[in-house]
Amino acid sequence: MELPDDHALTRDGMPATGGGRVLLLACGALAREVLALIRLNGWSRFDLQCLPAILHNHPERITGAVEAAVARHGADYERVFVLYADCGTGGSLAAACARLGIGMLAGPHCYSFFEGNAAFEARGEVTAFYLTDFLTRQFDAFCWRPLGLDRHPELREMYFGNYERLVYLAQTEDPALTARAEEAAARLGLPFERRFTGYGDLAAELEALAAG
């Protein structure tokens, strides 16, 4: 599986190659991490398809996009597993997966399962703005431009005035990426915190699926 660039993953997603028997239907923001785990563990039974990561900004569209992908490709595989958490769908994605008889990631969103759902819940953070590796690389595409901050920086206080810090949940040890996350915090006027999470519960979920 060849990884498209971040722009393509954001706008177009990534088609499946048809090489495995279990279809992993994922958010494009997870493509790099999922492929890394597949290669590291030699999970040849998995075939990865990614929906456009920009759906992250339109959670009301995620359930329909997942249902359409399953309808189009599900019959080609022995099993389908959805690599989305709830991701702002208000339970509709879980209901759709239950109706279709397919599994999905546990947790409210990617920030939670990267940190570990139990650890994330225990923190009880409600005033932190989160970035992952992908969202750090795509900060302008997912945050700065969609919120109009490139044109109206005076809106920053309205959007981010109630946040107390930016938390970068790092999947990799990459000083350049950490610097970009810290720059994003400065642009938003927020204190910066970095936490190395690795792949968190994503790795555990895929390991369980591979063993099942």
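**Close-up 1. Arginine 187 and aspartate 140 form a salt bridge.** In this predicted model, the closest N and O atoms of arginine 187 and aspartate 140 are 2.8 Å apart. The pair links distant parts of the chain: arginine 187 belongs to helix α10 (residues 175-188) and aspartate 140 to helix α8 (residues 139-144), 47 residues apart. Have a look at how accessible the two partners are. Arginine 187 counts as partly exposed, at 26% relative accessibility, and aspartate 140 is also classed as partly exposed, at 30%.

**Close-up 2. Arginine 195 pairs with glutamate 115 in a salt bridge.** Here the closest N and O atoms lie 3.2 Å apart. Arginine 195 has a relative accessible area of 8%, which means it is buried. Glutamate 115 is buried too, with a relative accessible area of 15%.

**Close-up 3. Arginine 165 and glutamate 193 are joined by a salt bridge.** The closest N and O atoms of this pair are 3.0 Å apart. Arginine 165 is in strand β6 (residues 165-170) and glutamate 193 in strand β7, so you are looking at a link between distant parts of the chain, 28 residues apart. Arginine 165 is partly exposed, with a relative accessible area of 21%, and glutamate 193 is partly exposed at 26%. Stepping back, Arg165 and Glu193 belong to a network of salt bridges that also includes Glu115, Arg123, Glu125 and Arg195. The structure as a whole holds 14 salt bridges.

**Close-up 4. Helices α2 and α11 cross at roughly 45°.** The axes of α2 (residues 31-41) and α11 (residues 200-211) come within 11 Å. The two helices are therefore oblique to each other, and their crossing is right-handed. To find the contact, look for Glu33, Val34 and Leu37 in α2, which meet Leu202, Ala203 and Leu206 in α11. By class, five residues of this contact are nonpolar, none is polar and one is charged.

**Close-up 5. Alanine 29 lies in the loop between β1 (22-27) and α2.** With 13% relative accessibility, alanine 29 counts as buried. Which residues touch alanine 29, leaving aside its neighbours within four places in sequence? They are Ala53 and Phe134.

Notes. Residues are numbered from 1 along each chain as its sequence is written. This is a predicted model: local features need pLDDT of at least 70, side-chain atom pairs count only at pLDDT 80 or more; totals for chains, interfaces and linings use all residues. Side-chain values use heavy atoms; hydrogens and water are left out. Axes are lines fitted to C-alpha atoms, for helices over the stretch in contact, and angles run from 0 to 180 degrees between N-to-C directions. Helices (H or I, at least four residues) and strands (E, at least two) are DSSP runs, numbered from the N terminus. Angles under 35 degrees count as roughly parallel, over 145 as roughly antiparallel, 65 to 115 as roughly perpendicular and the rest as oblique. A crossing is left-handed if the near helix is turned anticlockwise from the far one by less than a right angle, and right-handed if clockwise. Contact means heavy atoms within 4.5 Å. Ala, Val, Leu, Ile, Met, Phe, Trp, Tyr, Cys and Pro count as nonpolar, Asp, Glu, Lys and Arg as charged, and the others, Gly among them, as polar. Buried means under 20% relative accessible area, exposed over 50%, partly exposed in between (1.4 Å probe, protein chains only). A salt bridge is a side-chain nitrogen of Lys or Arg within 4 Å of a carboxyl oxygen of Asp or Glu.
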